[in-house]
Amino acid sequence: MAVPIVSFVGRSNSGKTTLIERVIPELVRAGYRVATVKHAGHGFDLDTEGKDSWRHKRAGASSVIVISRGSLAMFADVPEEMKVEEVRDRFLDSSYDLIIAEGWKSEGYHKIVVIREQVGEVPVSPDGLLAVVSDKPIDLPVPVLDLNDVAGVAAIIMKQFPRVAHELEP
């Protein structure tokens, strides 16, 4: 069974990242193993100039993997922008319980929308809409939670995507 994806969407600087970083510990405390995938619409560069991995990439390597005790990082060329399920299928194994994506508002992923000013401030596909998180009162046919109701957001996610016991668990 494929690892489920829930996407947090909203306009830039709406608080998506802060909400995600507050929801992750709630899910982890409940036993979830979580991976995150962030959409960077304007491109990004994670590697540091002068470091060995940067030098390898600059020399022409298509992929560079850095491994240390307990960590792995990969810098790779991709032919085009990838969808979250392509990232999941290529890089994440079935030991994860959930993938939290930040972005991909037009895709049909299950989603939680962060609204700061008004409904419609960012165009979002209604497909898979689980909840809206806002600091304003909003009347919608899905649960509307306050920005600080982190436990409520986590509960909605856990209800939609119950954790599945993995083979190696006691």
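The model is predicted: local features need pLDDT of at least 70, side-chain atom pairs count only at pLDDT 80 or more, and totals for chains, interfaces and linings use all residues. Residues are numbered from 1 along each chain as its sequence is written, and side-chain values use heavy atoms, with hydrogens and water left out.

**Confidence and overall form**

pLDDT is the predictor's confidence in each residue, from 0 to 100. Its average over the protein is 85, and 91% of the residues score at least 70. Where pLDDT is low, the predicted coordinates should not be read in detail. Among the elements, helix H4 has the highest mean pLDDT (97) and strand E4 (residues 71-76) the lowest (80).

The protein has 4 helices and 8 strands; these are DSSP runs numbered from the N terminus, helices being H or I with at least four residues and strands E with at least two. Their order from the N terminus is β-α-β-α-β-β-α-β-β-β-β-α. The C-alpha trace spans about 55 × 45 × 25 Å along its principal axes.

Of the 170 residues, 35% count as buried. Buried means under 20% relative accessible area, exposed over 50%, and partly exposed in between (1.4 Å probe, protein chains only). The protein exposes about 10,700 Å², of which carbon and sulfur atoms supply 51%; accessible areas come from the Shrake-Rupley method with a 1.4 Å probe, and for residues only the protein chains shown count as cover. A contact means heavy atoms within 4.5 Å. Among contacts between residues at least 6 apart in sequence, 57% join residues at least 24 apart.

Helix H4 covers residues 150-160, and its buried residues are Val150, Gly152, Val153, Ala154, Ile156 and Ile157. These residues pack against helix H1 (16-29) and against strands E1 (5-9), E5 (98-102), E6 (110-115), E7 (129-134) and E8 (144-146).

Pro4 is in the segment before E1. Leaving aside neighbours within four places in sequence, Pro4 is in contact with Asp97, Leu98, Ile99 and Phe161. Pro4 and Trp104 are 100 residues apart in sequence and 15 Å apart in space, C-alpha to C-alpha.

**Salt bridges**

Side chains of opposite charge can pair when their charged atoms come close. A salt bridge here is a side-chain nitrogen of Lys or Arg within 4 Å of a carboxyl oxygen of Asp or Glu. The count comes to 7 salt bridges, including the following.

| Asp89 | Arg88 | 3.0 Å |

Glu102 lies in strand E5 and Lys38 in strand E2 (residues 34-38), so the pair ties together parts that are 64 residues apart in sequence. Glu102 is buried, with a relative accessible area of 8%, whereas Lys38 is exposed at 54%.

In the pair of Asp89 and Arg88, Asp89 is exposed, with a relative accessible area of 57%, and Arg88 is buried, with 15%.

Arg163 counts as partly exposed at 29% relative accessibility, while Asp97 counts as buried at 8%.
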